Amino acid sequence: MGRAVTVATCALNQWALDFEGNLERIFRSIDIAKSRGARYRLGPELEICGYGCSDHYYESDTLLHSFQVLEKLLESPATQDIICDVGMPILHRNVRYNCRVIFLNKKILLIRPKISLANGGNYRELRWFTPWSKARQVEEYFLPRIIQEVTGQETVPFGDAVLATKDTCVGAEICEELWAPNSPHIEMGLDGVEIFTNSSGSHHVLRKAHARVDLVNSATAKNGGIYILANQKGCDGDRLYYDGCAMISMNGETVAQGSQFSLDDVEVLVATLDLEDVRSYRAEISSRNLAASKVNPYPRVKVNFALSCPDDVAVPTCMPIQWRHHSPEEEISLGPACWLWDYLRRSKQAGFLLPLSGGIDSSATACIVYSMCHQVCLAVKNGNADVLADARRIVNDETYIPEDPRELCKRVFTTCYMASENSSQDTCNRAKLLAEQIGSYHINLNIDGAVKAVVGIFSVVTGRTPRFSVYGGSSRESLALQNVQARIRMVLAYLFAQLTLWARGMPGGLLVLGSANVDESLRGYLTKYDCSSADINPIGGISKTDLKNFIQYCIENFQLTALRSIMSAPPTAELEPLVDGQVAQTDEADMGMTYAELSVYGKLRKISKAGPYSMFCKLINMWKEICTPREVASKVKHFFRMYSVNRHKMTTLTPSYHAENYSPDDNRFDLRPFLYNTSWSWQFRCIDKQVNAL
């Protein structure tokens, strides 16, 4: 009959410019797809060079090496008798495009350039690529000589076309095109395309997975068809974690689901589906059929190959499944943990060092490292040889088998409580107990000697000795004394990261972890070049509210009872003198706003694109039950003053795992000035005028 088609998609942990490793992972995915009977293999976006090459796309080397990898794929016996769909950058008539190269048996069938480029948030594709604007048109692409020698082709079709095999019709989308309001799959489906492919480079954001799944399922719910989505996974060299979720959908229902978070470098999904189910589904949608009768046809590239077998009556086909979504707490536990593992193994360091203060943020960071150790042990237990090899190299033991997360934590994770005369015994005890429960190598030290030495230098030079406010000093003096403590902790963190393993007779160095959350960064409630300055920060894109929920998750799922007292304690920097041995300084009092309010401000500022006046207008309705308009005005003004005064701190913010769409990350995501007129005179006058009117 020729109606049951077997297709494969995958999630690959590619790494920018790692051409050798990327090629090996592509080959592994093709081998797995073929071994499971697939006749079409789809890979992630730009998988040959890695999605995150950024300005390296400008370099001719990136194009050259991509073609060299393509040459290896074309000439290999491993790619015979299966249609392979791979992603790479291509220069056509001196214009650079983000392309799919689809080939079969040493012949390139079609080069399909991306039509809608991702250019919002973290994406900057228009910086490096040009969208293909010639709808339903193809041109001749002249192949480089190294490819001509393998394929025997001088030119191949380049443009917006579809593949017509002996049994069906296949059309390609690339990542952003699924999210666009005029997605190509709409017109392609009306023109008889039955299988849609989508190669993505889609990164993780908390609570985003359902949106991607809904889009894929809705793509075929109205129009019928089979939709195959491949995605990048892992950390390919920057702040983003690509979260897999490869999937296959038919007629609006998911039939195969890949994992969102895992340490497997290669994950392949294979599904066998009945084309007659697509045809019968479409047959009764009269509105679709009326539109299809008037559609402009796509150029078809004829392929003398079938995705099905002639005698397939008894071949079992896949049935719909229910997609399982992770809770936000599970996402925090798994996503940053996988990102940390990729960073650790690819940076070839020996572990992490974390200044552990006994507060929620540093404790949440410690829990993420502990979760990483859990994931490593689980992957090794499930037979992942790559993870085992990486773990042995990191701990410098060729016979080591990680079985206990606490024991692995002891080898790769150092925590350090840096006490001062302003630290309470409570936070010291909380840090020590948590370190014992997760198994980290824990250090207690006191920074008072270093603080006094630094302040002493200032006193010798100026003849003046600054004092805290409680001892009669000015706010300037008090803030400077707090900042000295914070910055000395950063210096000591790096010293111990470099030399702790040396002192223990072990090789290697440690990566320093930061633990400032997204809300503190937005408000600027941190000392520039304090312990928020680190190598990487797994919680820098996560809100305080979500971190509290994550701590509760860890209490319940990891049985970390030490977290209970951490949860109940008020957040404090412990930089001002104690009063009767107790902490007098709290974060929310210092900031002049609550963490809950900060999350609201952050979402309105970034996601809703609200300036001071628009934010005021929205909040007088949102908070009408709890605040008067004048109180709302006061809160909004205070936030914008503090945000603008401290915006310069974002220019040196530690690279953080991107998890929230209101992140203030100045590197790529949230581009703003860092020198503001902090009086906001015009904007605040508009607010005052509205307050008086109300």
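According to an unreviewed UniProt entry, residues 5-275 carry the annotation "domain: CN hydrolase". In this predicted model, the end C-alpha atoms of that span lie 7 Å apart, and the span itself is 25% helix and 34% strand.

**Parallel sheet and its helix**

- Four strands, taken in the order E19-E18-E17-E20, make up an open sheet in which the pairing is parallel.
- Strand E19 (441-446) and strand E20 (511-512) each have a single partner strand and stand at the edges, so one side of each is left without a neighbour in the sheet.
- Strand E18, which spans residues 413-419, pairs with E19 in the parallel sense over six bridges, and Met 418 stands opposite Leu 445 in E19.
- Helix H14, formed by residues 425-438, lies across both E18 and E19, and runs at about 170° to E18.

**Second largest pocket**

- The second largest pocket holds about 470 Å³ of space, and 19 residues line this pocket.
- Of these lining residues, Gly 120, Tyr 123, His 203, Lys 208 and Asn 661 lie nearest the centre of the pocket.
- By residue class, the lining of the second largest pocket consists of seven nonpolar, eight polar and four charged residues.

Key
Residues are numbered from 1 along each chain as its sequence is written. This is a predicted model: local features need pLDDT of at least 70, side-chain atom pairs count only at pLDDT 80 or more; totals for chains, interfaces and linings use all residues. Side-chain values use heavy atoms; hydrogens and water are left out. Two strands pair if DSSP finds at least two bridges between them. Helices (H or I, at least four residues) and strands (E, at least two) are DSSP runs, numbered from the N terminus. Contact means heavy atoms within 4.5 Å. Axes are lines fitted to C-alpha atoms, for helices over the stretch in contact, and angles run from 0 to 180 degrees between N-to-C directions. UniProt positions are given in the numbering used here, feature names are shortened, and annotations may be inferred rather than shown by experiment. On a 1 Å grid over the protein atoms alone, a cavity is a set of points where a 1.4 Å probe fits but cannot get out, and a pocket is an open set with protein on both sides within 12 Å along at least five of seven lines; lining residues have an atom within 4 Å of a point. Grid points are joined across faces, edges and corners, and a volume is the space filled by probe spheres set on the points. Ala, Val, Leu, Ile, Met, Phe, Trp, Tyr, Cys and Pro count as nonpolar, Asp, Glu, Lys and Arg as charged, and the others, Gly among them, as polar.
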